[in-house]
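This report concerns aromatic residues and the nonpolar core. The sequence and structure are shown below.

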Amino acid sequence: MTTAVHWIPEADHIMPGNADIKRLVRKADAFEVLVRDWREVGDNEHVVTVNWPAEHDFYRPEPDAYGALLFTESLRQGLALLSHTAFGIPVAHRLGWERLRSTVAPAALRAGGETRFVDMRITHSEVSRRRMGSTFLTAHVEATRNGRRLGTAEVRYNAHPGAIYDRLRGSHADAVEAFARALPPAPPVAPTLVGRTNGHDVTLAATDRPGLWQLRVVTSNTVLYDHPHDHIPGMVLLEAFSQAAQAVAAPRRVCPMNFDTTFHRYVEFDRPCWIEAEPITRYDVRLSAVQDGGVVASCIVTSAPHMGH
């Protein structure tokens, strides 16, 4: 039987079952909620529809195109929604990514007059439930916009109940306390170097070594830090990798489109994190996030020529 869940903005974002959609997609700000509806189309197969904003200072920094990471945020919200609805994982469980591979078609990001609705066909090839309550999932995503292929992704992620998560995180388990211990951000690099127009959105600070930056944690940026976290979110690391890829290409302008990312361990707020870049080809960069001398996340970013060129 097909199941449909519709988001009606005038109804205070309440979905069937008295569930608050903001909680289901892990957002505190209703403006940042992208999901509009979802339906089941097969065993462990669903279509989630999102509505991209007409204007957005962060995900649409240029007037003619959206950023590729808006697709990533869309699938993040879609997976969170399905975790709690289709697969019955309690909202209190803590979700985390292990691996993300995503590819976006540059032409499909153009803003123009095209529809802002994106359909994501999400197929889960693994939903493994463990005895103590943890669940491990693998999802495959195919997205279209206005009938045109937008992108694909494969995501491995997990969900842990509070008792297990607290053991994993130890003294960093409390999100409010961990968030409050965030180091003050160092001065940003020039926004134009990393494809931004506002220093508030820059996630990199300069060092005295080429190809090395300090991660800037600007907790007042409510797009990246919509609510207190116990660790630096994966979307922040992806944004830093994207900006580093832009910086490596400078003065050429590029559009980071494809991300092959592994999240090795949690990244803490109370210690510096460094972003290292190693160019592979003209458009491919190997990036690492390093904390306490170890790699906490790694990514190969592939860019496309800037759409204006």
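## A buried aromatic pair

Phe-179 and Tyr-225 are both buried in this predicted model. Together with Phe-269, Phe-179 and Tyr-225 make up one aromatic cluster.

## Aromatic pairs across the chain

The structure contains seven aromatic pairs. One of them is formed by Tyr-165 and Tyr-266 in an edge-to-face arrangement, with 5.8 Å from centre to centre and 80° between the planes. This pair joins distant parts of the chain, 101 residues apart: Tyr-165 belongs to helix α3 (residues 162-169), and Tyr-266 to the loop between β12 (254-263) and β13 (274-279). Tyr-165 is buried, because its relative accessible area of 3% falls under the 20% cut-off. Tyr-266 has a relative accessible area of 24% and is therefore partly exposed.

The rings of Phe-179 and Tyr-225 are tilted, at 6.0 Å centre to centre and 50° between the planes. Here too, distant parts of the chain are linked: Phe-179 lies in helix α4 (residues 175-180) and Tyr-225 in the loop between β11 (212-215) and α5, 46 residues apart.

## Arginines over aromatic rings

Arg-196 is placed over the face of Phe-58, 4.0 Å from the ring centre. Arg-60 is placed over the face of Tyr-66, 5.4 Å from the ring centre.

## The largest nonpolar core

The largest nonpolar core has 82 residues, of which Phe-71, Met-120 and Ile-275 touch the most other members. Helix α5 (residues 234-249) contributes the most to this core, with nine residues.

Leaving aside residues up to four places away in sequence, the contacts of Phe-71 include Trp-52, Met-120, Val-141 and Leu-150.

Key. Residues are numbered from 1 along each chain as its sequence is written. This is a predicted model: local features need pLDDT of at least 70, side-chain atom pairs count only at pLDDT 80 or more; totals for chains, interfaces and linings use all residues. Side-chain values use heavy atoms; hydrogens and water are left out. A nonpolar core is a set of buried Ala, Val, Leu, Ile, Met, Phe, Trp, Tyr and Cys residues joined through side-chain atoms within 4.5 Å. Buried means under 20% relative accessible area, exposed over 50%, partly exposed in between (1.4 Å probe, protein chains only). Helices (H or I, at least four residues) and strands (E, at least two) are DSSP runs, numbered from the N terminus. Contact means heavy atoms within 4.5 Å. Rings of Phe, Tyr and Trp (its six-membered ring) pair if their centres lie within 6.5 Å; planes under 30 degrees apart count as stacked, over 60 as edge-to-face and the rest as tilted. A charge sits over a ring if NZ of Lys or CZ of Arg is within 6 Å of the ring centre and within 35 degrees of the ring normal.
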